[in-house]
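Open the structure in your viewer and keep the selection panel at hand. We will go from one pair of side chains to the next.

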Amino acid sequence: RAADTQRIMQALMDEKNPLLRRLVQSLPRIDFEARKDVSVIFCRAARHRTSAHGNPLVECLLRHPELLPKITSGYENPDLALVCGQMLREVIRHEEGARLVFSVTVRNPTTDGSSSTSTSTSTSSPDDDEVTEAPVLQELFRLLACP
């Protein structure tokens, strides 16, 4: 079980192409139940402890600065606001994560809705994989479930 969890965390936080990035980028395109699954996976990853210094999720967000603005811009979209809020709450539980969220929101504050979400949510490149991994999400959820 610990080895499975470690493998999943490595896939989620991979240096070059983390699964976490694909999941976050897919939020506008997937249905509500799948969004909730992504949020649960994200939140469990945020709570994952390693023996190394720092939180692996926050470190991943630092390595991939395009992710946090996608999550914070989720508040502009009523379909994404709930899950993005859950994800942000988990990030700010960590001091470094709170600093990171603060710096992103101060640089790119969400206004009264006058900013366009179409530019912030459709910036995925053509080579991004389409997320069709519903079974993968279910397996990740099962493996990361608390005992």
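What follows is a short tour of salt bridges, stop by stop.

The model is predicted, so local features need pLDDT of at least 70 and side-chain atom pairs count only at pLDDT 80 or more, while totals for chains, interfaces and linings use all residues. Residues are numbered from 1 along each chain as its sequence is written, and side-chain values use heavy atoms, with hydrogens and water left out.

**Before the first stop**

Side chains of opposite charge can pair when their charged atoms come close. Here, a salt bridge means a side-chain nitrogen of Lys or Arg within 4 Å of a carboxyl oxygen of Asp or Glu. How many salt bridges does a search of the whole structure find? There are eight, and the tour visits some of them.

**Stop one: Glu 15 and Arg 63**

Select Glu 15 and Arg 63, whose side chains form a salt bridge with an N to O distance of 3.4 Å. This pair links distant parts of the chain, 48 residues apart: Glu 15 sits in the loop between α1 (2-12) and α2 (19-26), and Arg 63 belongs to helix α4 (residues 56-63). Helices (H or I, at least four residues) are DSSP runs, as are strands (E, at least two), and they are numbered from the N terminus.

Buried means under 20% relative accessible area, exposed over 50%, and partly exposed in between (1.4 Å probe, protein chains only). Glu 15 is exposed, at 54%, whereas Arg 63 is partly exposed, at 29%.

**Stop two: Glu 33 and Lys 36**

Next, move to helix α3 (residues 32-47) and pick Glu 33 and Lys 36. Their side chains meet in a salt bridge, 3.3 Å from N to O. The two residues are separated by about one helical turn because they lie three residues apart in the helix. Glu 33 is partly exposed, with a relative accessible area of 46%, and Lys 36 is partly exposed with 32%.

Select Glu 90 and Arg 93, which are joined by a salt bridge of 3.5 Å, N to O. Is each of them buried or exposed? Glu 90 counts as buried, at 5% relative accessibility, while Arg 93 counts as exposed, at 64%.

Arg 47 lies in helix α3 and counts as partly exposed, at 45% relative accessibility.
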